[in-house]
Amino acid sequence: RRMGASVYLVAPRTYLGEDLCGSLHLWQDEGTPEGELARKLLTKGNPIPPMHVKRTLSRALLAQAIPFLFASTASDVLRDGDGRVAGILIANRAGRQAIVAKTVVDASERGTVARLAGGESRGGTGGTLTAERVVLVKADEPRAAGTQRVPFTSGKLALAYEVHQLHLAYPDFSTASRAQAEQIARDLTYRKGQLRASERVRVAWPDPVGDVPDVLVLGTRLSQPAAEEGLGQELGRRAAAEALARPALTGVHVPGTASPGTLDVREPLRGARPASDPAQTVRAAAAALPVWAEVDVLVVGGGTTGAPAAITAARRGAKVLVIEFQEGLGGTGTLGLIGKAYHGRSAGFSKEVPFPDESFRVEDKMEWFRHEIRKAGGQIWFGTLGCGAVMEGRRVRGGVVANTAGRGAVLAKVVIDATGSADLAVAAGAESLVSGAGDSLAVQGAGLPIRPPGNYYVNTDYLLVDETDMVDTWRALAGALETMRGNAYDVGPLLQTRERRRVVGDHVLRY
């Protein structure tokens, strides 16, 4: 940006700094911070709180007037009339949108854009890898066998990050293989009463992908901010120079790779703001979508409804796959920090589900859901977004999903839309309505909580947010960072929305 190039940043999570915050590796192993940003991020002694990382990076972008978008992942590459890379398509809850660009900097964990652009992997295709998973516990808890500890103080709490070194089997580096290794890592490292655990394992992938024309790749890296800022600056200089030297883009389109078939994909294509039509569009040719899995029941969303639905279906013998974008299961009742019941009848399955209290924490409830699904034979893919429906005529035959591997399809006999905003149902063609649109009974607020270590109930209500509007969601997430206490440990990853988009049912109650 400082060299005069226009820049747009796409963030895969609901915050910035996913390499540090997602792994909970929040300390500097070696080296001295040398860059302006690294000196703001890193402190001597105590590890840095996740909130500090997220707020510092957000402010750095805002200070340079760089637009950025949360919870979006690269799903395809754009090409110009000469066949050169001309930007990317991103997938998110609003559907898919195009970002036209002369140069792409691929700083994703797996080199997603470069792989989609045809870059070849250099290295192994599978095997046993050394991985790290970090768990935050009270300092007076007995140390888990074979772990290292990094002390940390948050307010008056004496805590410790326990670092587990694991050896995980990856038959290949597909989504299913990486998801299975992630579940095994959680099996091996969970301990009752833990205050926090990293949302993903930290791995040095042995199959980096090299640069492709018009795509600059950061490559495999482990979170070392002291070194990475310099790498980022060099990539930025190269990207700006190449972009400013490239002629105006013409003929931008999405190439096709279609093959005849009986199934179709339906997904929203109206832009990041669903209420308005985009001013510009690109033409996309028909394209085949890889099938990543085929199951009896696909549950899209593992929140307060999706996780119980998955448990029940798996217990009845169905082959179940849960797709969940967040780091854990339970939705608003866990990661949303509204962890206790307000009213309800404790009977049947509801009586079986434990609620957090002073001894049973949010992490424990997320683990309970995860354990019950796996015990019944179900699969779970974290960090994966449902962004469309696979159709056979008017019948839903599966879901379109996106993650660090790009975009694929999961076929299923039954699909449960537990997204909370009817994302797949609307993509499939269901009629919907939103709060405040004439016939709704009420409009309730939303919030974004602070996330103190171990706390299970932080109920806030100070926002109005449409979660199907990615710009509105970005404003809420980025804006809330500026309203929270400066010494807060972290911010919740999930908006506390009470009302969302819903399908128009067979019967509608009007006031």
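**View 1. Helix α7 passes helix α9 in a left-handed crossing.** Left-handed here means that the near helix is turned anticlockwise from the far one by less than a right angle. Helices (H or I, at least four residues) and strands (E, at least two) are DSSP runs, numbered from the N terminus. This is a predicted model, where local features need pLDDT of at least 70 and side-chain atom pairs count only at pLDDT 80 or more, while totals for chains, interfaces and linings use all residues. Residues are numbered from 1 along each chain as its sequence is written, and side-chain values use heavy atoms, with hydrogens and water left out.

**View 2. Here's how α7 and α9 pack.** Helix α7 (residues 306-315) and helix α9 (residues 362-375) meet at an angle of about 25°, and their axes are 8 Å apart. That makes α7 roughly parallel to α9 (angles under 35 degrees count as roughly parallel). Axes are lines fitted to C-alpha atoms, for helices over the stretch in contact, and angles run from 0 to 180 degrees between N-to-C directions. On the α7 side, the contact (heavy atoms within 4.5 Å) is made by Ala 307, Pro 308, Ala 310, Ile 311 and Arg 315; α9 brings Trp 368, Phe 369, Glu 372 and Ile 373.

**View 3. Helix α7 is largely enclosed by the rest of the structure, as 7 of its 10 residues are buried.** Buried means under 20% relative accessible area, with a 1.4 Å probe and protein chains only. The buried residues are Gly 306, Ala 307, Pro 308, Ala 310, Ile 311, Ala 313 and Ala 314. Their cover includes β16, β17, α8 (349-352) and α9. Just after α7, look for Gly 317, which takes a positive phi of about 100°.

**View 4. Strand β17 (residues 320-324) is largely enclosed too, with 5 of its 5 residues buried.** Val 320, Val 322 and Glu 324 point one way from β17, while Leu 321 and Ile 323 point the other way. In a regular strand the side chains alternate between the two faces of the sheet.

**View 5. Strand β17 pairs with β16 (residues 291-300) in the parallel sense, over 4 bridges.** Two strands pair if DSSP finds at least two bridges between them. Val 297 has Val 320 of β17 as its bridge partner, and Val 299 stands opposite Val 322.

**View 6. Zoom out to an open sheet of 7 strands with mixed pairing.** The order is β14-β19-β20-β21-β16-β17-β18. β14 (264-266) and β18 (379-382) stand at the edges with a single partner strand each, so one side of each has no neighbour in the sheet.

Terms used: Parallel < 35°, antiparallel > 145°, perpendicular 65-115°, else oblique. Buried < 20%, exposed > 50% of the residue type's maximum accessible area, 1.4 Å probe, protein only.
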